[in-house]
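Hi,

Here is the structure I promised to pass on. Have a look at it first, and then read on for what turned up.

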Amino acid sequence: MTKTVFVLLISSLLFCVPAFGKTYGKGVHVTETTPVSAILANPDSYLGKTVKIEGLIIEVCSKRGCWIYVAGDQPQEKIQVKVTDGEIVFPMSATGRVGTIEGIVDEVTMSKDEMVRYQRHLAEEKGKPFDPASVEEGKRFIRLIGLGAEINE
Amino acid sequence: MKWRRWNNILHRDLGYLCFGLTIIYAISGIAVNHIADWNPNYRIERIQSTIDPGPLAGLNGDDLVASILTLIGESAEIKGSYRQDPEHLQIFVVNNNITVNLKNGTVYQEKSRTRKGLYEMNFLHINHAKKLWTYVADLYAIALGLLAITGLFVLRGKNGITGRGAWLTGIGFLIPIFFLWLYL
């Protein structure tokens, strides 16, 4: 009997559904929310600054959970939040949820070739077709280096 | 010697205490170590299909989402939706992210299921839990250190730290040093 209880206890510990935390990384401490549209419209004035954004999470890195895309406040607008691998891991279940993210505004400039490689990598990861001709030129990416997040899971 | 008796008792009992977590960290360690080759947390199934976009013309909002889900036979709980651009609509339901090309009817589904057991082990190993677990993991790390140190002094004689143990401990130090020399 004792053995059965012991085995059941260990099994339940391993396979129970854990209460996943909703706070990621260092959490969110900035009080004022900056609209994504404001950052994208005038990125130079935000570069290097720590901001808080809010929005629907529309994509999560399925491999490592190391980036998400957050929809902006304007139609068809989105911003990437990149986090250090392992430091914050966003779950796949975060897609379709509203998140509050704190991070430092950052820029990445890619040449046309780099853009093609990057887009191909994303397409392969998502199992979607990719046409290199769809990339016409290099691009300046504005993103957040994520420090913390709260996701309404 | 009395200290050796206490050393062995500490080594034995810490060994018992650390067994469960060591197994979890070992399995998760291998899983996460090969993250470049596989997804240690999720089984992801990607499906491409086509629906007839005709009946969707003129629909918007919840009606559009509901019609698409009916067409692809998806009945899970809706979390939200997002219009990527005039052609593409993303629909998020539990465990499935759906992207629909409203113009040509192409549908991409990304169905994800957590790897039962492994997901939970990785959750603990990478300290996704944070909070109190951070301190539990710290205690575990200290216990592992004590296990290693007390382990050196369990045996006396030719198999102890003054004999065979010295050689093996030395090799144990040389392995990371070699790889640091090789890659750093």
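The largest nonpolar core of this predicted model has 29 residues. Those with the most contacts inside this core are A:Ile57, A:Ile68, A:Val70, A:Ile79, A:Val81 and A:Phe90. In chain A, helix H2 (36-41), E2, strand E3 (67-71), strand E4 (78-82), strand E5 (98-110) and strand E6 (139-151) each contribute at least two residues to this core. E2(A) gives the largest share, with five residues.

Now to where the chains meet. The contact draws on 21 residues from chain A and 26 residues from chain B. On the side of chain A that touches chain B, helix H1 (2-15) and strand E2 (50-60) of chain A are the elements giving two or more residues. By type, the residues on that side of chain A are nine nonpolar, seven polar and five charged.

Chain B has five helices and five strands, in the order α-β-α-β-β-β-β-α-α-α along the sequence. Its radius of gyration is 27 Å, whereas a compact globule of 184 residues would come out near 16 Å. The C-alpha trace of chain B spans about 85 × 35 × 20 Å along its principal axes. Of the 184 residues in chain B, 16% are buried.

Note on methods: Residues numbered from 1 in each chain as written. Chains lettered and ligands numbered in written order. Predicted model: local features only at pLDDT ≥ 70, side-chain atom pairs only at ≥ 80, totals over all residues. Contact = placed C-beta atoms within 7 Å. Helix = DSSP H or I, 4+ residues; strand = E, 2+ residues; numbered from the N terminus. Nonpolar A, V, L, I, M, F, W, Y, C, P; charged D, E, K, R; others polar. Core = buried A, V, L, I, M, F, W, Y, C linked by C-beta atoms within 7 Å. Buried ≥ 20, exposed ≤ 12 C-beta atoms within 10 Å, placed from the backbone. Rg over C-alpha atoms; globule rule 2.2 N^0.38 Å.
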